[in-house]
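This report covers open space, sheets, helices and salt bridges. Keep the structure in view while reading.

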Amino acid sequence: MYTWKLLKAPLIAAMIMVLAAGCATADSDVALTQALPRPEEPDITVAAIPATDLAGLYVAQDNGLFAQQGLHVTIEKITNSQAILADQLKGQIDISAGSYVAYISAQASGARFRILAEASTLREGTRVLVTTADSPITTIADLIGAKIGVNGTNSIGTLLTSMVLQEHGISPRRVHFITAQQGFPAMPGQLQNRAWGAAFLAEPYITVAGEQYGEKELTDLDQGSTANLPIDGYVATRAWALRFPKTAAAFVRAIEEGQVLANTQATEVQAAVGKADQLPPEVTALTVLPGFPTGRVIKAEIQRVASAMLQFGMLGQAYTAEVKQGTLVGSMIGPGS
């Protein structure tokens with residue numbers, strides 16, 4: 001009995017220390033949450049394309065990171081960012097997430113958007129052109145005269161493909177870009193049905209194309225001038241960001257944490273993407289991940305997108321000065337945007 005008492009006393013003391021530490025951690029978390037500025041608008045809607053590029057968003061949602069910042073986030077899935085811009089400008093969407101191409105085009109036309117945070121950068125295997133297994137198109141040169149399915153008109157797919165074609169000595173005008181209205185989820189099946197000669201795909205739908213349809217990669221679009229190109233961002237209207245600065249800041253804090261997890265915890269990304277896109281583990285386990293930037297939005301990087309858009313006619317020559325001087329992209333970044 002005496003021996004048991006001697007053993008039990010330090011055990012109980014250790015348990016008390018663990019419980020106390022847990023309570024202290026919980027108390028510190030509560031105190032930290034209480035110390036943060038309360039969002040002006042806690043209930044927000046985020047429109048997002050279904051792709052691994054936005055894994056930071058889905059990871060933040062699944063891990064309760066928005067809730068920790070006092071936010072209740074509803075994610076609305078869209079086929080491409082162009083599809084939602086009009087609704088966002090009307091105030092029907094708080095934040096949207098997608099390709100910078102659509103936002104830069106809208107900004108040039110007079111809209112006023114602000115990039116709150118970067119979502120993804122191009123990495124090898126994350127944006128490719130694919131063909132059917134028995135396609136006669138086996139080289140980039142074979143694309144001349146072919147139809148290429150993209151998920152949006154004058155989209156990041158159009159831009160990346162144009163840049164790679166140009167680097168191989170082929171004018172983008174020698175191919176035909178066709179917009180797939182249902183977006184990435186339907187595109188592997190449409191390609192199999194010969195809707196186009198090739199398709200522009202993002203992960204996880206590159207993996208879906210290979211695993212479910214036996215389709216093959218024609219070329220990776222992360223090469224030469226496109227290497228590490230910024231792809232997607234989290235964007236609000238300037239009016240919304242100025243009206244709800246604490247809400248915007250809370251959203252960015254949660255996204256930053258989500259981005260860190262996305263960069264370091266592949267299993268978190270696989271689970272989040274599988275849940276968001278209703279994909280099986282055998283697909284998500286093979287999915288290639290992009291880069292998930294953290295920290296402030298880098299103007300010089302977003303400028304690369306605008307410059308390429310000007311080069312390939314996705315921005316009119318009337319915007320040459322604004323693009324080259326950096327004022328167009330500059331108007332989308334920082335408190336003065």
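A pocket here is an open set of points on a 1 Å grid over the protein atoms alone, with protein on both sides within 12 Å along at least five of seven lines. A cavity is a set of points where a 1.4 Å probe fits but cannot get out. Lining residues have an atom within 4 Å of a point. Grid points are joined across faces, edges and corners, and a volume is the space filled by probe spheres set on the points.

This is a predicted model: local features need pLDDT of at least 70, side-chain atom pairs count only at pLDDT 80 or more, and totals for chains, interfaces and linings use all residues. Residues are numbered from 1 along each chain as its sequence is written, and side-chain values use heavy atoms, without hydrogens and water.

**Pocket and cavity**

The largest pocket has a volume of about 230 Å³. Its lining includes N154, T158, S162 and Q166. Q311, F312, G313 and M314 are also among the lining residues. Helix α6 gives the most to this lining, with three residues. Helices (H or I, at least four residues) and strands (E, at least two) are DSSP runs, numbered from the N terminus.

One cavity of 30 Å³ or more is counted. The largest cavity holds about 90 Å³ of space. Among the residues lining the largest cavity are I49, N80, R127, N151 and F184.

The table sets out the two linings by class. Ala, Val, Leu, Ile, Met, Phe, Trp, Tyr, Cys and Pro count as nonpolar; Asp, Glu, Lys and Arg count as charged; the others, Gly among them, count as polar.

| Space | Volume | Lining by class |
|---|---|---|
| Largest pocket | about 230 Å³ | four nonpolar, seven polar, one charged residues |
| Largest cavity | about 90 Å³ | four nonpolar, six polar, one charged residues |

**Sheet with β5 and β8**

Two strands pair if DSSP finds at least two bridges between them. Five strands form an open sheet with mixed pairing, in the order β7-β6-β8-β5-β9. Its edge strands, β7 (176-179) and β9 (216-220), each pair on one side only. From one strand to the next, the twist averages 35 degrees. Axes are lines fitted to C-alpha atoms, for helices over the stretch in contact (heavy atoms within 4.5 Å). Angles run from 0 to 180 degrees between N-to-C directions.

Strands β5 (residues 127-131) and β8 (residues 198-202) are antiparallel, paired over four bridges. V130 has A199 as its bridge partner in β8. Helix α6 (residues 156-167) packs on this sheet and touches β5, β6 (147-150), β7 and β8. Its direction makes about 115 degrees with that of β8. Helix α8 (residues 205-213) lies across β5 and β8, at about 125 degrees to β8.

**Sheet with β1 and β3**

An open sheet of five strands runs in the order β2-β1-β3-β10-β4, again with mixed pairing. β2 (72-77) and β4 (113-121) are at the edges with a single partner strand each, so one side of each has no neighbour in the sheet. The twist averages 25 degrees from one strand to the next.

Strands β1 (residues 43-48) and β3 (residues 95-99) run parallel, joined by three bridges. A47 has S96 as its bridge partner in β3. Helix α5 (residues 100-108) packs on the sheet, touching β3, β4 and β10 (230-237). The direction of α5 makes about 110 degrees with that of β3.

**Salt bridges**

A salt bridge is a side-chain nitrogen of Lys or Arg within 4 Å of a carboxyl oxygen of Asp or Glu. The structure holds five. One of them joins K275 and D62, with the closest N and O atoms 3.5 Å apart. This pair links distant parts of the chain, 213 residues apart: K275 in helix α11 (residues 266-277) and D62 in helix α2 (residues 55-62).
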